Amino acid sequence: MIEVSYIGCKTQTVKVGKGTIKIVLAEDSKSLNEVVVVGFGTQKKVNLTGAVGVATSKDIQGRPVSNALEALQGVIPGLNISNSSSGGELNSTKQFNVRGMATIGTGSTGSPLVLIDGMEGDISTLNPQDIESISVLKDAASSSIYGSRAPFGVILITTKEGKNGKTNVNYNNSFRFNSPLLLPKSMNSWEFVNYLNDVQSYTSPGTSYFDDEYVQHVYDYYTGKSDVVCITTSGIGDGHEKWGTATEGSETYANMDWVKEYYRSHAFSQEHNLSVNGGTDKLNYYVSANWADQGGYMRYGQEDYTRYTILGKVGSQLNKYVKLNYTSRWSRSDYERPTVMSGAFFDNLMRRAVPTLPKYDPNGYIMSDYNYIESLENGGRHNEQNDSYTNQFKVTITPLKNWNIIGEFNMRVDNNWTHEDSYPVYVHAADDPNYLFVSAYYGNGDKSRVSEYSYKATYLNSNVYTNYSLSLGKNNFAATAGMQVESFKDRYLSGSRNSLITNDLPVLDLTTDKTEESLGGKYQEWKTAGFFGRINYDYDSRYLAEVNLRYDGSSRFRASNRWVTSPSFSLGWNVAREKFWKPIEKYVNHFKVRYSYGQLANQNTTNWYPTYRTIYAGTANSSWLVNGAQFNTAGFPALISSKLTWEKVRSSNCGVDFGAFGNRLTGSFDYYVRKTMDMVGEGETLPAVLGASVPKTNNLSLKTYGWELTLAWRDQIKDFTYGVRVNISDDRTRILDYPNREGYINTYIPGEIVGKIYGLTTIGIAKTQEEMDAHLATTNQDQIDAGKWQAGDIMYKDIDGDGVITQGTTNGKLGDLKVIGNSSPRYRMGINLNAAWKGFDISMFWQGVLKRDYYFSPSGGQGAGEKGAVFWGATVGGRWESVFFKEHLDYWRDESSALGANPNAYYARPLFFTNKNRLTQTRYLQNAAYMRLKNLQLGYTFTQPWIQQAGIRSLRLFVTGENLLTITSLSKVLDPESLEVSKMKAGASYPLSKTFAFGLNVTF
């Protein structure tokens, strides 16, 4: 027997005999007849009229990532995934959207609805190995059947299930070696002191940050002429002395690279999966278990993240009429880290990573006043344990052929617990090491503290629906109708108290300080009900039509506005099935055009009760005393507009799908427009006699539009198969309505594209005072800064020709400002290359953003989300809002600097307390576009006879790498994928990872 296969044709097995064998390969239409999961059902891919993106388990197979969402980045066009609040921290999550900006309404959220086997869930809790397929419903026609819970798309995840046949046991693993993707290089001590002295002399001429004696001490230690790392000064009380000074450590002379000291160069992680599946026509089953463990980069203080998942699925065909399905899924994540790694820790760490601060004092003790080592090691632990448990029951009754009645009950219970304890960290006195005092880096005086947080959420969902299909000749009909009910309740309880009796058992019962304690808790709930229907029609799979209708009610709205209708329709034409297409069918065998339109409403808000007046109540928090004590307070509820109603979303989509050369070449193109209307915004200003804040109203609207293109080629040359898949998408958002009649450029402007960067035009850096004076003779820059403009400062271009550099505040009076860029990501791309030959396989996946501008905040970075300091070095906030990396040494200086002249520098003179050289301008506008080799994988599948003889059905070994190469012109101080990290301050966050891994996949 021989097996003959070819891309685009059906595989055939032929018996070998004498003589010539003639084999005629038939076209394989499998790719067109593939079943795609859609809302409350499935459809053949060839008959789809909506915009649906699909990924399978093969697309994420073997990726050394911590969760499934990471593996989907760049795989499906229009599904945009980026880093969120925590950067690369072990418990970090991704943020994602479908087709760009969704809403700017107060409290509104624009995330897509995620359904796992038909029930809302968190994709990050899934074991990636359990995923069978992922469908992304992008347009209103596809997602409207889910109504107000899915105005901005749906992600449908289907997990694996049992298959008929013998029991299959699969085990696979992955052993991973991670390293920080990007860590900035620190200045050495000699560079640091001279950099600061230059900044100080530029800021305040005639002064220096360090005196000559201190600089000499640093130089002597740096060059090895001295081993004196610090001297003592008094000032800690009780007549004792400490090393260095209390504020700056300016009597320390070390040469430390604190970035390398705090971060390890490698961290190990591993993942193991075991699954069992099989079944018969009457009963099938699938059971899997997963364990993944990931270590962190911090050299001091253990970090660890562990995930456990168990999935069980059973399907039973009780008789010819009734089928039962049951799914149970449990996931747990345990995360542990030092308590000090909270809030602005990474910002503080970078700002305090000064090279002159030593690790040890001369007596050999950790200098806890100048570094975080003791705080990381002994300052307390933060522990999180999050459990999610789901049960899903499904019964399918088939009273007649092609008629199904389905009932589903889904339940999910989330239990999250967080414990945190913190302890004072001590410093050894210089004159008496046995005398200890509390480190200035500990923020709770000399008291220990324990905090507990407990959260529980219960989600219940019932679906009852029926579907029926009927064929009358070439006319095919299908209908679905049903109802859906959801209930979500959550509650939390928190408490904290100071002064532990013993550190060995950090619980609230063993704390004693009743004056420093807190207690909090509340519960919330919402409910929805919806009725839905869908009708499909196709004539000979040639002319296609679909109509959807959803009627939704939400507890978040009052009775008068509680219910809303969401209609949609879509049309399709399989042009390649027409007779006039026959002459080119052998070249282009599939060609379909699609159009869809629909309207949905949005009930997803962070405000649980947006249309209800709620009263704030406080406990013993009055600002005055009665009988020597504070008393409870209550706040008068804010005004709510009686006209407040649903946010509504209208979207249209037109698309083309094609296949050519026997489906070796396939592709699709979509263009879409989505309008979000009646978003909640600030009401118009009313007279002060109102005596309260103006109520919010539905007065905002925007339009997001864009396109998506996917092209794929696959072919086979004898034993060699290969494939290429490229996808690219783009979206832009225009504000239609916003209360900004004046056109202030620091907020949204009606009619304008979102993301515009307004800035000045840079002529250059004045290399000499004469050059600056010549510039100032024609251009007055005093409105930017009235101080003296000197050599090394920026020369700005007079755009409006009035001889004065001005920065306007409105789009009608910009002064010398102009649009210099746009911060929105454009042209998101994914490229997948794969090949296989005689058991060997290789794949390469690239992901990137081809166009994006970015400007680092001139203000430095103390505000949440600011990233300026990491780029600028010295900032307007002074020494303690600045950081010191090698990149910052490329600044203008003349011969008077100890670091030597640098007239052709990238950075202008660094200055404290003024932004004159850091104003948003063309010189420092960053090109944040990038392409990244996300994954490279090489594998070998054994096919030799000894495999079967050993009882092994298949065995594959693989090596793989993640984030191996990045092509970008962005400044090297920050990774292009860290621009979205919202919790970042001063540009400091936990680094992302580069990963090398190896493993095996074996089936028995």
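Predicted model: local features only at pLDDT ≥ 70, side-chain atom pairs only at ≥ 80, totals over all residues.
Tyr-195 is buried, as is Phe-884. Tyr-195 belongs to helix H5 (residues 189-203), whereas Phe-884 sits in the loop between helix H11 (868-872) and strand E44 (926-927), so the pair ties together parts of the chain that are 689 residues apart in sequence. Across the whole structure, the search finds 57 aromatic pairs.

A second pair worth a visit is formed by Phe-557 and Trp-646, whose rings are stacked at 4.3 Å centre to centre with 20 degrees between the planes. This pair, too, links distant parts of the chain: Phe-557 is in the loop between strand E26 (543-554) and strand E27 (563-574), Trp-646 is in the loop between strand E30 (633-635) and strand E31 (647-660), and 89 residues separate them. Phe-557 counts as buried because its relative accessibility is 5%, and Trp-646 counts as buried because its value is 1%.

The loop between E26 and E27 also holds Asn-561. With a relative accessible area of 23%, Asn-561 is partly exposed. Leaving aside neighbours within four places in sequence, Asn-561 is in contact with Ser-642, Leu-644, Thr-645 and Trp-646. The C-alpha atom of Asn-561 is 9.7 Å from that of Thr-611, although the two residues are 50 apart along the chain.

Helix H6 (residues 212-223) is made of twelve residues and spans 16 Å from its first C-alpha to its last, close to the 16 Å expected at 1.5 Å a residue. Its buried residues are Tyr-214, Val-215, Val-218 and Asp-220, and these pack against H5. After H6 comes Gly-224, which has a positive phi near 85 degrees.

The charged end of Arg-352 sits over the ring of Tyr-441, at 4.5 Å from its centre. Likewise, Lys-916 lies over the face of Trp-789, 4.1 Å from the ring centre.

The strands provide the next part of the picture. Strand E23 (residues 449-472) and strand E24 (residues 475-500) run antiparallel and are joined by 24 bridges. Within this pairing, Glu-452 has Gly-495 of E24 as its bridge partner. The two strands form a hairpin with two residues between them, and Gly-473 in the turn has a positive phi of about 65 degrees. E24 also pairs with strand E25 (residues 511-539), again in the antiparallel sense, over 25 bridges. Here Leu-500 stands opposite Thr-511 in E25.

Strand E3 (residues 35-38) and strand E4 (residues 41-44) pair in the antiparallel sense over four bridges. Val-38 has Gly-41 of E4 as its bridge partner. Two residues lie between the strands of this hairpin, and Phe-40 takes a positive phi near 55 degrees. In a regular strand, side chains alternate between the two faces of the sheet. E3 has a covered face, with Val-36 and Val-38, and an uncovered one, with Val-35 and Val-37.

Gly-53 has Val-136 in E10 as its bridge partner.

Finally, the cysteines were examined. A disulfide is a covalent bond between the sulfur atoms of two cysteines. The search of the whole structure finds zero disulfides. Cys-230 counts as buried because its relative accessibility is 5%, while Cys-654 is partly exposed, with a relative accessible area of 36%.

Notes:
Residues numbered from 1 in each chain as written. Heavy atoms only, no water. Pairing = 2+ DSSP bridges. Phe/Tyr/Trp six-rings, centres within 6.5 Å; stacked < 30°, edge-to-face > 60°. Buried < 20%, exposed > 50% of the residue type's maximum accessible area, 1.4 Å probe, protein only. Lys NZ or Arg CZ within 6 Å of the ring centre and 35° of its normal. Disulfide = S-S within 2.5 Å. Expected span 1.5 Å × (residues − 1). Contact = heavy atoms within 4.5 Å.
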